[in-house]
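Please look at the sequence and the structure below before reading on. The report then goes through them part by part.

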Amino acid sequence: CVGCVWWVFYTDLCFALIRSDILLFKLQNPDFKMFLEKYTGQNIPDESTLPKNYIRNIYLETLSSIRGEIQDGPIWVSIDETIDVERRYIGNVVIGKLCDEPINSILLNCEKLEKSNHQTIANLFNDSMSLF
């Protein structure tokens, strides 16, 4: 459908930026925006449009992909807590499938923690497993 072209483009643009580690606010750079509009023939959305309308779908698609990769197989889980440069506690949950052939590990969840103790780590684990 003709009206769907922009929706697909915005979704693909958002996905490409996220996967390339390009922050969405870079879309406000006039030179970058003009380049994209010139060579794609599409209007480039405001940076605030993408999180409101497109990131949720990409997030759900990514979770579905992770579930598909792991399937019903046994998994391993690794939880790590660190302190970032602003002295915040950050918890990371990495998972992978237990199997004979090597498989990439997957960052399932990354959260800011109020503090680092057994309770916050247990909550992080439970929240992460409920995502999965």
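Predicted model: local features only at pLDDT ≥ 70, side-chain atom pairs only at ≥ 80, totals over all residues.

Residues are numbered from 1 along each chain as its sequence is written, and side-chain values use heavy atoms, with hydrogens and water left out.

**The sheet**

Helices (H or I, at least four residues) and strands (E, at least two) are DSSP runs, numbered from the N terminus. Two strands pair if DSSP finds at least two bridges between them. Here 3 strands make up an open sheet in the order 1-2-3, with antiparallel pairing. Strand 1 (75-83) and strand 3 (106-113) are the edge strands, as each pairs on one side only. From one strand to the next, the twist averages 20 degrees. Axes are lines fitted to C-alpha atoms, for helices over the stretch in contact, and angles run from 0 to 180 degrees between N-to-C directions.

Helix 5 (residues 118-131) packs on this sheet and touches strand 1, strand 2 and strand 3. Contact means heavy atoms within 4.5 Å. The direction of helix 5 makes about 140 degrees with that of strand 3.

Strand 1 and strand 2 (residues 89-97) run antiparallel and are joined by 9 bridges. Strand 2 and strand 3 also pair in the antiparallel sense, over 7 bridges. The table lists some residues that stand opposite one another.

| Residue | Partner |
|---|---|
| Aspartate 80 | Asparagine 92 in strand 2 |
| Glutamate 81 | Glycine 91 in strand 2 |
| Valine 93 | Asparagine 109 in strand 3 |

The hairpin of strand 1 and strand 2 has 5 residues between the strands, and in this hairpin arginine 87 takes a positive phi near 65 degrees. In a regular strand the side chains alternate between the two faces of the sheet.

Relative accessible area is sorted into buried (under 20%), exposed (over 50%) and partly exposed (in between), using a 1.4 Å probe and protein chains only. Strand 2 is largely enclosed by the rest of the structure, because 7 of its 9 residues are buried. Leucine 107 lies in strand 3, and this residue is exposed, with a relative accessible area of 52%. Apart from its neighbours within four places in sequence, leucine 107 is in contact with Asn92, Val93 and Val94. Leucine 107 and aspartate 84 are 23 residues apart in sequence, and their C-alpha atoms are 17 Å apart in space.

**Helix 2**

Asparagine 29 caps the N-terminal end of helix 2 (residues 30-40), with a side-chain oxygen 2.9 Å from the backbone nitrogen of aspartate 31. A polar contact is a pair of N or O atoms within 3.5 Å; within protein, one must be able to donate a hydrogen and the other to accept it, and residues adjacent in sequence count only if both atoms are side-chain atoms. After helix 2 comes glycine 41, which has a positive phi near 70 degrees.

Methionine 34 has its place in helix 2 and counts as exposed, at 52% relative accessibility. Methionine 34 is 10 residues from isoleucine 44 in sequence and 8.6 Å from isoleucine 44 in space, C-alpha to C-alpha.

**Aromatic rings**

Rings of Phe, Tyr and Trp (its six-membered ring) pair if their centres lie within 6.5 Å; planes under 30 degrees apart count as stacked, over 60 as edge-to-face and the rest as tilted. By this rule there are 3 aromatic pairs. The ring centres of phenylalanine 35 and tyrosine 39 are 5.0 Å apart and their planes are at 50 degrees, so this pair is tilted. Phenylalanine 35 and tyrosine 39 are 4 residues apart in helix 2, which means that about one helical turn separates them. Phenylalanine 35 is partly exposed at 47% relative accessible area, whereas tyrosine 39 counts as exposed at 56%. Ring pairs also link Phe9, Tyr10 and Tyr54 into a cluster.

**Cysteines**

How many disulfides are there? A disulfide is a pair of cysteine sulfur atoms within 2.5 Å, and by this rule the count is 0. For cysteine 110, the closest cysteine sulfur is that of cysteine 14, and the distance of 18 Å is too far for a bond. Cysteine 110 is partly exposed, at 44% relative accessibility. Cysteine 99 is partly exposed, with a relative accessible area of 31%.
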